[in-house]
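Here is a friendly note to read beside the model. Keep the 3D view open and follow the points one by one.

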Amino acid sequence: MQNIVRLAAIALPAAIALSACATTAAAPLPDGSDVALGERAYVDGPIVQPVEVVEDSRCPMNARCVWAGRVRVKMIWIRGNGEKQPFEVTLGEPTHLADGQFTLESVRPEKRTNIKLTPSDYRFSFRFAGGL
């Protein structure tokens, strides 16, 4: 009986700690100001998750270009019922989502000619302007 009590004294706190970690990892970020690929974030209402950089043709900040380029990101909107709806955003262009407009406002870091960005380098800022 003593062994069972000791085992329970060890196992219960471990189980609670593990469940807290699992819950925290899945919780969305509180806002859309610094979101990495794969992270979920509340963006003024909707919960969204950037999943892939489809295009990053921005002109490197240490180069001269004829065209400024653009960034397109594949996203997932996680609806209130848990349904996941894919959509795509382009930097600076509002996209209709739910009852409003969703905008990819910035992409970091700046692109440079001498540095190749990896998916884990990217950070995004989003804004949602809800409808009336």
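1. Of the 132 residues of the protein, 28% count as buried, where buried means under 20% relative accessible area, exposed means over 50%, and partly exposed is in between (1.4 Å probe, protein chains only). The accessible surface comes to about 8,600 Å², and 59% of it belongs to carbon and sulfur atoms; these areas come from the Shrake-Rupley method with a 1.4 Å probe, and for residues only the protein chains shown count as cover.

2. A word on the source: this is a predicted model, in which local features need pLDDT of at least 70 and side-chain atom pairs count only at pLDDT 80 or more, while totals for chains, interfaces and linings use all residues. Residues are numbered from 1 along each chain as its sequence is written, and side-chain values use heavy atoms, with hydrogens and water left out.

3. The protein has one helix and seven strands, running α-β-β-β-β-β-β-β from the N terminus on. Helices (H or I, at least four residues) and strands (E, at least two) are DSSP runs, numbered from the N terminus.

4. Now find the open sheet of three strands, with the order β5-β6-β7 and antiparallel pairing. Since β5 (95-97) and β7 (123-129) stand at the edges with a single partner strand each, one side of each is left without a neighbour in the sheet. Two strands pair if DSSP finds at least two bridges between them; three bridges join β5 to β6 (residues 100-108), and Thr95 has Phe102 as its bridge partner in β6.

5. Is Arg58 buried or exposed? Arg58 is buried, because its relative accessible area is 10%. You will find Arg58 in the loop between β2 (47-56) and β3 (71-78). Its side chain makes a polar contact of 2.8 Å with the side chain of Asp56, and one of its side-chain polar atoms lies 3.4 Å from the backbone oxygen of Val107. A polar contact is a pair of N or O atoms within 3.5 Å; within protein, one must be able to donate a hydrogen and the other to accept it, and residues adjacent in sequence count only if both atoms are side-chain atoms.

6. Which cysteines form a disulfide? Cys59 and Cys65 do, with their sulfur atoms 2.0 Å apart; the cut-off for a disulfide is a pair of cysteine sulfur atoms within 2.5 Å. The torsion about their S-S bond is about 80°, so the disulfide is right-handed. Cys65 counts as partly exposed, at 42% relative accessibility.
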